Structures are given as structure tokens and as C-alpha cells.
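Q: I'd like to learn how to read helices in a model like this one. Can you walk me through it?

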Amino acid sequence: MLGPWRSHNTTETRIGFTDGSQPNRQLHRSALYRKITIVGNGYSGKTSIVAKYASLYYPTKDINPTQPCTIEIPTYADGRLLELRIWDVHGGEFSRLTPLAYPNAHVILIIFAVNCLDSLDNVEEKWYPEVTHFCGNIHIVLVGNKIDLRTDTCSKSEFVSFEVGECVARHIGADYVECSAVTGSGIQAVFDMAAKRAMESQKVAQRHKRCVIV
Ligand SMILES: Nc1nc2c(ncn2[C@@H]2O[C@H](COP(=O)(O)OP(=O)(O)O)[C@@H](O)[C@H]2O)c(=O)[nH]1
Ligand SMILES: [Mg+2]
């Protein structure tokens, strides 16, 4: 079983094994590094998705939404750590960080909320053009979030179906995954897909400084 083993700062989550053993130092030094950038309409659940994923590995850690979140996971292949640096692109007062989030990304997650048709419309009208502008031909994973609301009988929203989400994904050449940051359903699958696509990227892995001063 995986579990927390060390953390450096408020945004960094490192995991090891619940029996208390720590990853081999030599292997740690040769950790693989991949950058995942997350975009999408405000309120679609980007920050919640990152927080939920981090909580699977380090349940008590707070995520600082102004900084990238780093999660290290042991890879299945050879026990080396895969360091996922996750950039959650913010709107509003933090939008000036957006240009920092795109360079050297290995995979992009575009998030929309299945209870918000506008957020899906913006996938093709805003986010896909912006991503291709900054990143060219990069792997994209389209993520339909808030699927828990589909079963909410009080909700009066019109929902995006799996088929429609998948169709938009096909249109922009992306993979399609659905999740709920509230229940955790599908969260692991989102990042498994992201990590898989990031590992397929031929781009040379370039590390960035660990802190962003805003
Ligand atoms: N029901 C439901 N609410 C969610 C889900 N993910 C996020 N939210 C809520 O949606 C709101 C916006 O989430 P946030 O992560 O801040 O969105 P961001 O602006 O894209 O980062 C918050 O009130 C969250 O609690 C989800 O999967 N299901
Ligand atoms: Mg946010």
C-alpha cells in the first residue's frame, strides 16, 4: 500500500509505503519528472480535483492554490519515483500565472463540469485554442467533473452525458475521463491517464524551480 512518507512544504506531497519503508535514495535521485497543467472554466472543480488526488496520498495536507502541487508516486515498472508536478491554472487574481503554467507541460487536462453546458462549450471555444496556441500538439485529457450531481434528484441542471463529453474529446483529439472531486469517483483514473500520456510525451523533462513567488 502507498502512503505518505515525507513532505517539504505546504504544496508538496511525497509518498512511500505504509509499512514505514522509504524509497531507495538512489532511485529517488533518478526520479522521473512530468508536468501536468490543468485548465478549464472557473468553478469547474480544478482545485478540488487536485486536492482530492493529493488527499488519496496524503490525507491531512492542505493544498496552496497559488502554487503548483507536486506528488511523487512510485512507478509500477521499476520502483523509480514518478514526480508529477501539477499546475492548476487559476482565473481571477491569479490569472497572471497562466503563462507560467504552459511551458514544458507534458500533458494538459481540460476540466469542465457536467452540470454546466457553458463550461463544455468553452472547451472548444476557449481552452483548446489557448492550449494549442501555447503548447502546440500536446496530449490533452478532457475531464468531465461533478458526475455525482447527475444522481442528485434535487438538481434542476441539464447534464452533459458521457457520450457528448466523449464526442467533444474525440473532436479535439483528446482522451475522455469523468470524475467527481466530491466522492472521489474516477479521480485516480484521471491521473492514471494523465501520467500515462505524460510518460508517452517525447518532450525532454525540464524541471522548474519549486516555488513560484506571486
Ligand atoms: N458536487 C460537486 N461539486 C464540486 C465538485 N468539484 C468541485 N465542486 C465544487 O465546485 C466549486 C468550485 O470548485 P473549485 O475546485 O474551486 O473550482 P475551480 O475554480 O475550477 O478550481 C466548489 O464549491 C467545489 O466544492 C464535484 O465533483 N461535485
Ligand atoms: Mg481553483
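This is a predicted model: local features need pLDDT of at least 70, side-chain atom pairs count only at pLDDT 80 or more; totals for chains, interfaces and linings use all residues.

Q: Where does Gly165 sit, and is Gly165 buried or exposed?

A: To judge burial, count the C-beta atoms around a residue: 20 or more others within 10 Å means buried. Gly165 belongs to helix α5, residues 162-171, and counts as buried because it has 21 C-beta neighbours inside 10 Å.

Q: Which residues is Gly165 in contact with, beyond its neighbours within four places in sequence?

A: Those are Leu142, Gly144, Val160, Tyr176 and Glu178. Take Gly144: it lies 21 residues away along the chain, yet the two C-alpha atoms are separated by 6.9 Å.

Q: Which residues of α5 are buried, and what do they pack against?

A: For a helix, look at where the buried residues point around the axis. In α5 they are Gly165, Val168 and Ala169. Their arc is only 105° around the axis, so they sit on the same side of α5. That buried set packs against α4 (117-135), β7 (139-145) and β8 (175-178). Turned away from it is a face with the exposed residues Glu163, Cys167, Arg170 and His171.

Q: Which residues of α6 are buried?

A: Helix α6 (residues 187-200) buries Ile187, Val190, Phe191, Ala194, Ala195, Arg197 and Ala198. Viewed down the axis, these fall within an arc of 165°, so they line one face of α6. Asp192 and Glu200 are exposed on the other side. Among the partners of the buried residues of α6 are β3 (32-40), α2 (46-57) and also β7 and β8.

How values were computed. Residues are numbered from 1 along each chain as its sequence is written. Chains are lettered from A and ligands numbered from 1 in the order in which they are written. Helices (H or I, at least four residues) and strands (E, at least two) are DSSP runs, numbered from the N terminus. A residue is buried if 20 or more other C-beta atoms lie within 10 Å of its own, exposed if 12 or fewer, and partly exposed in between; C-beta atoms are placed from the backbone. Two residues are in contact if their C-beta atoms, placed from the backbone, lie within 7 Å. The arc is that of the directions from the helix axis to the C-beta atoms.
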